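Please keep the sequence and the model in view while reading.

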Amino acid sequence: MALDPSYIGRSYPPTEPYEVGREKIREFAIAIGDANPAYTDAEAAKAFGHRDVIAPPTFPFVITYRAAGQVVEDPDLGLDYSRVVHGDQKFVYTRPVQAGDRLTVAITIDNIKSLAGNDVLTVRGEVADESGEHVVTSIMTLVARAADEAGE
């Protein structure tokens, strides 16, 4: 059954603050194979004008994906998570994520459409620091695959 487009615009409460740690940034940089010293060396990051190490550009996925769980788990929406695949991801930055940031994410459903029987959701996550200043916007596309003819 197709998702109800009346849920477009539905917003969810901001997450609890996530404290970005140097070690988490370092682990993430290693996991993605990016040796940029600004991700692991505070002095290198300061030489680039940052107060501490910065996170790779895709790091906010760690917290925005978790926050998007509010959409996935919303019983009113009726999304079948067993059919969901991650379709696309974009980030729009005001500034880099830095070690020591305490970030919250406010999630909104920006779009719901049906495409070849699949439900396609666009979920926007507004990431802010503890002072309320915008850091990055995450735009995530989730695809709920259509059931096959056997209903599976």
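Helices (H or I, at least four residues) and strands (E, at least two) are DSSP runs, numbered from the N terminus. This is a predicted model, in which local features need pLDDT of at least 70 and side-chain atom pairs count only at pLDDT 80 or more, while totals for chains, interfaces and linings use all residues. Residues are numbered from 1 along each chain as its sequence is written, and side-chain values use heavy atoms, with hydrogens and water left out.

Helix α1 spans residues 22–32, and its residues I25, F28 and A29 are buried, that is, under 20% relative accessible area with a 1.4 Å probe and protein chains only. Viewed down the axis of α1, the buried residues fall within an arc of 100°, so they line one face of the helix; the arc is that of the directions from the helix axis to the C-beta atoms. Just after α1, G33 adopts a positive phi of about 75°.

Among the elements covering the buried residues of α1 is α3, where contact means heavy atoms within 4.5 Å.

The sheet is open and has five strands in the order β1-β3-β4-β5-β2, with antiparallel pairing; two strands pair if DSSP finds at least two bridges between them. At its edges are β1 (18–19) and β2 (84–93), each pairing on one side only. Two bridges join β1 to the antiparallel strand β3 (residues 102–115), and E19 stands opposite R102 in β3.

How values were computed:
Buried means under 20% relative accessible area, exposed over 50%, partly exposed in between (1.4 Å probe, protein chains only).
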